[in-house]
Amino acid sequence: MSRVIGKGEEGDHLRLDSEKVSKFFERRAARIPELGATRAVIYQDRHPDLAEKRDAYERRVLTPRLELDGSQRLLDVGCGTGRWTSTISSKVASYHGIDFAPGLVEHAAAEHGQPPRVRFSVADASDFSLDSLGEHEPFDRVLVSGVFIYLNDDGLDSALRCIAGATVDGALVLLREPVAQGDRLTLVDHHSEELDADYHAVYRTRAELLGAIEAAGGVPGFTLRGHGYVYDDPDLNNRRETQQEWFLLSTGTGAA
Ligand SMILES: C[S@@+](CC[C@H](N)C(=O)[O-])C[C@H]1O[C@@H](n2cnc3c(N)ncnc32)[C@H](O)[C@@H]1O
């Protein structure tokens, strides 16, 4: 059980075991009947009101940043139970949610799927392409909400490259991510009483995230168009070491 701030004893960043991360989310999927679809992915198991408040607040404040007018093709990377689907699917021409946890995708598809306009697929955020998702047109909007903390640095780099490869030039990419406010914090086999499970996550600093985005961008790259804290209401924050932040990126040089 480790909770490491900065680098590990060997001077390297600790790695997450993706099998364990995947098992954690399959267990969350199995607990949907008990927890409900929102808490299954937003947590706060002992503070259900906080989970519901955060969910409503995030959807209200962040959705406009995607600049949707009904014509867009949106990819929701790590869509979980489809928490964003009902808010977004009525504002786009098509929505495709992908997640590596089959139990979460099954729930999302049963609850929100309306193929072919609203689709869900089991896919790894670090290993997908338009072809592998059965898509013929690139996306012009991407949402990644609370997913990169479950990827190692090489997985994050691959995920950013997959996103770049599946989007048009000028696509908007909205990231909502818990960010370390001091040094990077890595949790490996970290037992959480609240979640009744071992937890695994990497909370990167803002500089690390932006560095990864810059490194993966290549040519024409990602451009940072906006950034901020998600919750300006102090009642919605219950952690000091990490804070939810949003980053709006565009691929290439213009807006789609
Ligand atoms: C905290 S939940 C957020 C779910 C959803 N984006 C939301 O905001 O409600 C994190 C999600 O990331 C998914 N995830 C983690 N690692 C992944 C990976 N390598 N590929 C695809 N999905 C992944 C999990 O299965 C889970 O659904």
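These legends walk through several close-up views of a predicted model. Local features need pLDDT of at least 70 and side-chain atom pairs count only at pLDDT 80 or more, while totals for chains, interfaces and linings use all residues. Residues are numbered from 1 along each chain as its sequence is written, and side-chain values use heavy atoms, with hydrogens and water left out.

**View 1. F25 meets Y150 edge-to-face.**
A search of the whole structure turns up 9 aromatic pairs. Rings of Phe, Tyr and Trp (its six-membered ring) pair if their centres lie within 6.5 Å; planes under 30 degrees apart are stacked, over 60 edge-to-face, and the rest tilted. The ring centres of F25 and Y150 are 4.8 Å apart and the planes stand at 85 degrees, so this pair is edge-to-face. F25 sits in helix 1 (residues 18-30) and Y150 in the loop between strand 5 (139-145) and helix 7 (153-165), so the pair ties together parts 125 residues apart in sequence. Helices (H or I, at least four residues) and strands (E, at least two) are DSSP runs, numbered from the N terminus. F25 counts as buried at 9% relative accessibility, and Y150 counts as buried at 11%. Here buried means under 20% relative accessible area, exposed over 50%, and partly exposed in between (1.4 Å probe, protein chains only). Both rings belong to one aromatic cluster, made up of F24, F25, Y43, F100, Y150 and Y199.

Two strands pair if DSSP finds at least two bridges between them. Strand 1 and strand 7 (residues 185-192) have 4 bridges, and R3 stands opposite L187 in strand 7. Strand 7 and strand 8 are joined by 6 bridges, with Y199 in strand 8 as the bridge partner of H190.

Strand 8 is mostly covered, with 6 of its 7 residues buried.

**View 2. D196 sits in the turn of a hairpin.**
Strand 7 and strand 8 form this hairpin with 4 residues between them. Phi of D196 is near 55 degrees, a positive value in a residue other than glycine. D196 is partly exposed, with a relative accessible area of 42%.

**View 3. E67 also has a positive phi, near 50 degrees.**
E67 is in the loop between helix 4 (48-62) and strand 2 (73-77). At 42% relative accessibility, E67 counts as partly exposed.

**View 4. A cis peptide bond links P115 to P116.**
Omega is near 5 degrees for this bond. P116 is in the loop between helix 6 (102-112) and strand 4 (118-122).

**View 5. R73 lies over the face of F139.**
R73 is at 5.3 Å from the ring centre. A charge sits over a ring if NZ of Lys or CZ of Arg is within 6 Å of the ring centre and within 35 degrees of the ring normal.
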